[in-house]
Amino acid sequence: MDNRVVVTGIGIVSPLGLDVSTTWQGLVDGKSGVDYITLFDTGGFDVKIAAEVKGFDPLQYIDRKRARHTDRFTQFAIAASLEAAAVARLKIDSSNGYEVGVIIGSGMGGLTTLSQQLEVLFKEGPSRVSPFLIPTMISNIASGQVSIHLGAKGPNYNVASACASGGHAIGNAFNLIRQGCAEVIIAGGSEAVITPIAIAGFANMKALSTRNDDPKKASRPFDAERNGFVMGEGAAVLVLESLDFALNREAPIIAELVGCGATSDAYHITEPPESGEHIERAMRLALQQAHLTARDIDCINAHGTSTLYNDLCETKAIKSVFAEQAYSVPVSSTKSMTAHMLGAAGAI
């Protein structure tokens, strides 16, 4: 019999706040985290807006030495994981270290560090490139650093599947716990790529909103006047554990995770098929695994990127799965407030 899987901890670093309560209040208040970019000079850029994490000080979570050798996305992941572990009242030591795993997804890894070190290479030569470049930029390092910081010695890896990374990390953790491969997994996603190269690359794909005159209303999923997504950053992490393990240690149980589904459209590198059949299939798989029907669902938090093709195919998929109920069940996209946190999007 499969293990039941519960959520016992949540941690968030987002454009709305540096913890769960501040972020949640921002969502409830309909606050937008989008503003003008301050992390670099946007002169010459068509896109001048993003949803930055403001006021983040890594020294509140890690020592100065570790902060110097960790990318911003890793620092976010550590901060969110520490909050999640505290909420879950999860103490990791020699008695249970191998029962706790970490899976932190990231679509692009330490792009900030890579960009900085490329400048060093071109300006000062190869001998000046940091020997910490590789272990600072690789996309699995957030998961690795979280495990080192917390002492988690169970399954440890990252998932890199673009903006599905955080969702896939949680789905993988869910299945590992169900199958008895781990008792607890700290799972989620982290991203920090508000950098010149990333903004230029996405902008030249014509994927980003250029609503520079009105940043707060630039990220507008499902709106007729949307003109692209807005880049965000941050991390979101859950502590997932088997129900029995949680009950035995008297952990606070926030929710139960009962199903997930994963598919691929096998269609195009950026453009989804208009039919939305791949999204429909994933939702049906999740319902099937959960032993639920569409009528049991009370709320849908859509991917809702604020791009024409995504919003179109996602709407079609929801209507296909939910039929007439699609017109009454609440559908929202929190990207209107957090913007698109890329590898952390599915987790938040």
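Residues are numbered from 1 along each chain as its sequence is written, and side-chain values use heavy atoms, with hydrogens and water left out. Because the model is predicted, local features need pLDDT of at least 70 and side-chain atom pairs count only at pLDDT 80 or more, while totals for chains, interfaces and linings use all residues.

**View 1. Helix H3 meets helix H6.** Here we look at H3 (residues 72–87) and H6 (residues 141–150), whose axes come within 9 Å and cross at roughly 45°. Helices (H or I, at least four residues) and strands (E, at least two) are DSSP runs, numbered from the N terminus. Axes are lines fitted to C-alpha atoms, for helices over the stretch in contact, and angles run from 0 to 180 degrees between N-to-C directions. The angle makes H3 oblique to H6; under 35 degrees counts as roughly parallel, over 145 as roughly antiparallel, 65 to 115 as roughly perpendicular and the rest as oblique. On the H3 side, look for Phe73, Thr74, Ala77, Ile78, Ser81 and Leu82; from H6 come Ile141, Ala142, Gln145, Val146, His149 and Leu150. Contact means heavy atoms within 4.5 Å. Sorted by class, this contact of H3 with H6 has eight nonpolar, four polar and no charged residues. Ala, Val, Leu, Ile, Met, Phe, Trp, Tyr, Cys and Pro count as nonpolar, Asp, Glu, Lys and Arg as charged, and the others, Gly among them, as polar.

**View 2. A six-stranded open sheet.** The strand order is E5-E4-E6-E7-E1-E8, and the pairing is mixed; two strands pair if DSSP finds at least two bridges between them. At the edges sit E5 (156–157) and E8 (255–257), each pairing on one side only. E1 (residues 5–13) runs antiparallel to E8, joined by three bridges, and Val7 has Ala255 of E8 as its bridge partner. H6 turns up again here, lying across E4 (100–105), E5 and E6 (184–191), at about 150° to E4.

**View 3. Helix H10 packs on helix H11.** H10 (residues 277–290) and H11 (residues 308–322) pack at about 40°, their axes 8 Å apart. That makes H10 oblique to H11. Among the contact residues are Met283 and Leu287 of H10 and Ala317 and Ile318 of H11. By class, this contact of H10 with H11 has eight nonpolar, two polar and three charged residues.

**View 4. Cysteines without a disulfide.** A disulfide is a pair of cysteine sulfur atoms within 2.5 Å, and the count comes to zero. For Cys299, the closest cysteine sulfur is in Cys260, 18 Å away and so too far for a bond. Cys313 is in no disulfide either, with its nearest cysteine sulfur, that of Cys163, 11 Å away.
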